[in-house]
Amino acid sequence: MEILICLSIITIVFFIVNIYICKFDMWSPSSLFYIFWIISIFSTIYLLDIYKLKINLLFGLIVIVGLFSFFLGANCIKSVRINRQVETLNNDFLEIRNKYFVNIFIIVLISILGYVAISYNFSQLGLVAINEISESSEAMNNYRLAYLDGEIESPFYIRQINRFLVIMAYFSVFDLARKIILKKNIINIYINILIIFISFINIILQASRTQIVYILIAFFIYINVFYIRKNRKVISVKRNIIIFIMGIVLLLFFGLMGVMMERPGQEDPFMVVCRYFATGIMGLNYASGTEQFYPSVLFGEATFGGIWRCINDYIVNINYDYYQDFNFYNGYSLGNTYTGLYKYYSDFGFWGISILPFILGWIFSNFYNKIINKNVNFIEILLFGYFVKGIVLFSYDELMISTQISFGLISDIIYIFFIKNCFF
């Protein structure tokens, strides 16, 4: 308990200093980074007695070094600043060519692709339900476990349709955020809503929730970016409170989805949310307490997993089989996430958690500075929302280097430019 209390105080201090440096921009990458770490630490404290966790010193040292390293990268070279000398920025993005024709084409395309993907994923759930003699909610959890164990693999075309629908959802929340802030064509948002709805249904039928979280994070990020680009100031406290309340509602809905999917130990929506935020910290604490860090053979085997998997799957077989084990403690499942620091420490020790968070903090602060202060191509703003989950959910797992730099990123970039050049 004492180590977590100290960590919470240190993290809050980092957040306060960071928010002061950023001129109270609650939506800068570094601010969100520390906000989610604070939530994760307090969620772990809440679950401490339930899980009977023992927090070890090595875990505390790893977290402090990682948080300090990110702080230096985000603030000490070039901190986030709104350039108030810039009076106007171009926000006229996603203007559709041949609106009537393109709108009809998008509706038809999304409806067909959605039908194909949803039908397939629903049929897979049906097979699992029949084989396991289970209800639909249990089937979702069994399907997820079978997928993670490699027992189920969707055909290539289904995987690509799933990815395309997700990218279309990013375009839709981007355009929806732009219309809300600029108060432009608010009534004409039916296509955005249709795409988001179809994409979310398809994600749920894959027995997953995290992609929905990623898209919603991007949506709120886009709202903030367009607000700053339009008004040249940060979002007010009043509006942040409204967004905060919306976030709580969405989190409880996320927890309710976990209950509906019959995840083990997820009978209460509030407990589901706490477990989601705490599982990374609990996993890292368990690994550091038992010294169960992944023994890397290849250079950066865990950190650069996406690259090594591409090499293994498409170039030459190197027997790459990195996998994060599910851990159990006192009869409770701790999941298989370990915060973003686990892979860096497994591969490179304290050098890894000192250098890599520093680089991420520097890159995202510069990226954010650029999109709020300069006239940029809309794809740069879109990509910021696509990548920023790696920073926001760093207390949960490593979702940036190991996950994003992969073959999936190549296909997503192709789909982004395909959509841009075909429709806009």
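Visitor: At what angle do the axes of helix α6 and helix α13 cross?

Guide: Two packed helices are described by the angle between their axes and the distance between the axes. Here α6 (residues 156-182) and α13 (residues 378-387) cross at roughly 115°, and their axes come within 10 Å. Axes are lines fitted to C-alpha atoms, for helices over the stretch in contact, with angles from 0 to 180 degrees between N-to-C directions. Helices are DSSP runs (H or I, at least four residues), numbered from the N terminus. This is a predicted model: local features need pLDDT of at least 70, side-chain atom pairs need 80 or more, and totals for chains, interfaces and linings use all residues. Residues are numbered from 1 along each chain, and side-chain values use heavy atoms, without hydrogens and water.

Visitor: How are α6 and α13 oriented to each other?

Guide: Roughly perpendicular (65 to 115 degrees).

Visitor: Which residues of α6 and α13 meet?

Guide: From α6, Arg163, Ile167, Tyr170, Phe171 and Phe174. They meet Phe378, Ile381, Leu382, Gly385 and Tyr386 of α13. Contact means heavy atoms within 4.5 Å.

Visitor: How many disulfides does the structure hold?

Guide: A disulfide is a covalent bond between the sulfur atoms of two cysteines. This structure holds zero (cut-off: sulfur atoms within 2.5 Å).

Visitor: Is Cys310 buried or exposed?

Guide: Buried, at 17% relative accessibility. Cys76 is exposed, at 52%. Buried means under 20% relative accessible area, exposed over 50%, partly exposed in between (1.4 Å probe, protein chains only).

Visitor: What do the buried residues of α11 pack against?

Guide: α15 (401-404) and α16 (407-423). Cys310 is one of those buried residues, as is Trp308.

How values were computed. Helices (H or I, at least four residues) and strands (E, at least two) are DSSP runs, numbered from the N terminus. Angles under 35 degrees count as roughly parallel, over 145 as roughly antiparallel, 65 to 115 as roughly perpendicular and the rest as oblique.
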